[in-house]
Amino acid sequence: MAQHTLQTAISAFGASAKAKLANPAIKGAPEDQLRGPLETLVSQLSIVAGQPPGAVQLVGETTMRDLQTRPDYAVTRNNALIGFIEVKAPGKGADPKGFTDLHDKAQWSKLSKLPNLLYTDGNSFSLWQDGERQGSVIRLDGDVGSAGAKLSAPDTLLALIDNFLGWNPITPKTARKLAPVAARLCRFLRDEVVEQMGRGNKGLTDLATDWRKLLFPEANDAQFADGYAQAVTFGLLVARARGISLAGGIEPAASALRQSSSLIGTALRLLTDDPANHEALKTSLGTLTRVLEEVDWPTISKDSPDAWLYFYEEFLAVYDNTLRKRTGSYYTPPEVVAAMVRLVDEALRGPLFDRAAGLASSDVTLADPAVGTGTFLLGVLRRIADTVRTDKGAGAVPGAIRAAASRVVGFELQFGPFAVAQLRIIAEMAALMRTPKDPLPAVPDLNLFITDTLGNPYVEEEGLLQSGPIAASRRAANKVKREERITVVIGNPPYKVDAAGRGGWIEAGSVGRPSALELWTPPRSWGVGASTKHLKNLYVYFWRWATWKVFGSDHHATTGEPEIDRAGLICFITAAGFLNGPGFQKMRAGLRRDCSEIWVIDCSSDGHQPDVQTRIFEGVQQQICIVLAARAVGKNRGEPARVRFAALPKGHRELKFDSLAKLRLDGEGWVDGPTGWRDPLLPERTGDWGEFPAVPEFFDWASPGVKTHRTWVIAPDAETLRRRWTAMQAAKSPASKHALFHPDRDRTLDKVVSVDLGVHRTRPISISRDREQIVEPVRYAFRSFDRQWIPPDHRLLSQARSQLWELSSDSQFYLTAIDDRSPVSGPSITIAAVIPDMHHYHGRGGRVFPLWRDRAATQPNVRPELLSHLSGFYGAPVLAEHVMAYLSAIMAHPAFTARFAPDLVRPGLRVPLTADPALFAEAASLGREIVWLHCYGERFADPEAGRPRSAPRMPEGTGPFIPIEGAIPGAPEPLPETMRYDAGKRRLNRRRLRRECQPGDVGLRGLGQAGRLAVV
């Protein structure tokens, strides 16, 4: 055999490729004609690069144009997978980031997850590792289709091939470095599963059916693919953590894993043992096992379970950050976990329970219903170990931990965090039980279950996998949920708004019986129906499950079984909306009924959307609280629980952690909460503020604003809306029209809506059949001082609030304010003359209070008894308009918010109502001007008072102006990248795209008269 060089190999490749590509008798795509010559070229170049003859083999795939996750070749070295080659048609190039074809772009988005990939079109070669190009794209001298034996290559091609063929998996040294590696490969496996199911792969489709029956009834194909990919990836990680080799493939690893972790081992076997499935997914499974075989558990863990502390969160950030947001997967800082575990331990030792050993007591059983990666259970085990070590000595700890294993329970729905929890808890138990005589102690079985905590505990599962360990785990979990006495529930339940249908049995209940959630839903007579939607949140479902399980709350009503007087406690860190929100009134009443004492810790004293460094959870903007709810045996349900409240200090999270570490249940810093059954779980109001009437008390009726559920129906001008409507009508395919419309649960293209919006009649046909012009747009109060346009078409608006539209008229206007949190700056209310959005006040929800209850403006919405009382008290007629103007004068400016900031720690706006008739009249007069300003001159116009019926304008020479050189560009010019206000110069400056504003730019020179605002 002749000894090849780079140039002779390339010359032979050129000659062979030219013959193939130029032969009219050979059928097939151009890239297919490159396969034979390319195989020979790689074989020859491998020898030139120093590989032994025959060591490198190319395993070709049958060409299937619709497969995007299957490269043309898998490449092995000494029978070990080392990479892949993707072949493109000559002339396409070898830089996938430059491809314009949709198929090629979609394919690259998937193949970029591979750790070692060679792209070539015969003319060019490029090497990609983990989505990053290594070196330059190497181009041959000559054209592969015509150069023949004259084809040559630069010497850099050999270095690129050597890099490709010499690849070995990089051994991650830490869990943080392992997370992105595992995430990319897991995502590639998920993509391959989705693709194969789209092709009708029977093995995977049947497996998905069984998966739904056993674990996730509502899972669609994409969700099955996600669960499959995570289960396999983390199953392999657990195998490596147990020292099980993956070199022989998945099947022997799964069999070995079943000996020590039957649930994960069986899941891994069931998901991968079908030969057809393994063949269909061989690209991703082969790469996964090859890379994870290099994981060295002792190096990564260093015998510390905390090495895995944030592993899953970091994994999700790379794998699918939207999944983290969708599932509410944010993991609790150790400082918070330690404090919550300590407070639970204190409560158990206290007078309500009198357990001297706290969590170490033999009759205390604890559960985390959303165990995640096991952080709370780790904290509990450490607390038990500390207690026993202090009380009995270090020698008693191993036995105590072994005994505690049977009393600590964890439920988790997702395979990924479940596997990480096992890794961490096994490592922690081994560390706590280790002694000089027993350095490798046998860890007891864990009570960790893959299950839906919220699922029906009274239903046995059916399906193909019913007899296996997975089904056994599910049945065991249901038995725990049904029968086992749980003393403590602790954790950080997931947060997810609009979670209707995801509450399982807690939400749906049993046939013929009310659901647990239904018994927390306020009756219609309470007048808070519009706010009860907030109960449809995952964290609320978990709260309801915990009260049902620990306290036996409404046990008889939901199951028919006898009520049991149960003592126990719940400690959750969750969103704080239920502390004060009107839709949670019956939840609060239920907690007061069931509990003896309730401790509330406000973790978000900085308010909603505070600076990141002040947040307990850096990625969570919502206000957060820790609540410990405790019930003693024999609690009188006719007496409301005592509520105690403490707030962590404002400022950096480290200040909050420090304060939390010092907080004691019997220490200082607590204030009492109100005793009313439905009252907020917040401090009792003190001083004058508590005596002021609340804003809702002024009105007969209020409503949320319009919730469109699609942004395209709102625009700054009517013509834009007409163009959008026309574009949607002209969409050629149903899929395109569907994407433009953005359907949801309430509105689809085919839905016929019969309810009118006031004077705006709803067309009696669906959007998909409507060929008319758009319903003529009207003005819309999108945000405070930001009026837009909207089509008053009920078919386009998911929650249009038809009652608000019924009241709309030229005399109507609306007060808008938030009700579930407090303003922290600016005016506390704003006014709108036209129908307002639900987020009108400041983009985060709120309530709308109309002036009139009818379109004719004859029935005031201000309570008649209030008008009568004020008229008598002031000795002059007081009309609804006067009251609305008074509220505007008092509340629609920053001074109100600043003056009452200490009182606004507790959400709920209140109004100081003067006893001085002259002061009331003066405020009402001022308020009329405020309403006129807020309503663009369309309400309370009075030319004699200087309020013409037109948009307000500042005196000539003092108002804002736009110099001719400084206008914001319109299409086709790009919009400014940013806008900034220079308060010193009173100028609004725009920063142009792709470059900073320079001192010589138009508009940055001295413009206009002093005192005027220049928009430049």
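This is a predicted model: local features need pLDDT of at least 70, side-chain atom pairs count only at pLDDT 80 or more; totals for chains, interfaces and linings use all residues.
Guide: Residues are numbered from 1 along each chain as its sequence is written, and side-chain values use heavy atoms, with hydrogens and water left out.

Visitor: Why are α17 and α19 called roughly parallel?

Guide: Helix α17 (residues 375–392) and helix α19 (residues 415–433) pack at an angle of about 10°, with axes 10 Å apart. Angles under 35 degrees count as roughly parallel, over 145 as roughly antiparallel, 65 to 115 as roughly perpendicular and the rest as oblique. So roughly parallel is the label for α17 and α19.

Visitor: What makes up their contact, α17 against α19?

Guide: Contact means heavy atoms within 4.5 Å. Among the residues from α17 are Leu 378, Leu 381 and Arg 382, and α19 brings Ile 425 and Glu 428, among others. The residues of that contact divide into seven nonpolar, one polar and four charged. Here Ala, Val, Leu, Ile, Met, Phe, Trp, Tyr, Cys and Pro count as nonpolar, Asp, Glu, Lys and Arg as charged, and the others, Gly among them, as polar.

Visitor: How do you know whether Cys 186 is buried or exposed?

Guide: Buried means under 20% relative accessible area, exposed over 50%, and partly exposed in between (1.4 Å probe, protein chains only). Cys 186 has 0% relative accessibility, so it counts as buried. Cys 186 is also one of the α6 residues in the contact with α8. Cys 595 is buried too, with a relative accessible area of 0%.

Visitor: How many disulfides are there?

Guide: Zero, in a search of the whole structure; a disulfide is a pair of cysteine sulfur atoms within 2.5 Å.

Visitor: What about Thr 76: buried or exposed?

Guide: Thr 76 has a relative accessible area of 15%, so it is buried. Thr 76 lies in strand β2 (residues 73–77) and touches residues including Ala 55 and Ile 82.

Visitor: Why is Asp 354 called exposed?

Guide: Its relative accessibility is 61%, so Asp 354 counts as exposed. Asp 354 also has a positive phi of about 55° although it is not a glycine. Most residues other than glycine have a negative phi.

Key:
Axes are lines fitted to C-alpha atoms, for helices over the stretch in contact, and angles run from 0 to 180 degrees between N-to-C directions. Helices (H or I, at least four residues) and strands (E, at least two) are DSSP runs, numbered from the N terminus. Lists of a residue's contacts leave out its neighbours within four places in sequence.
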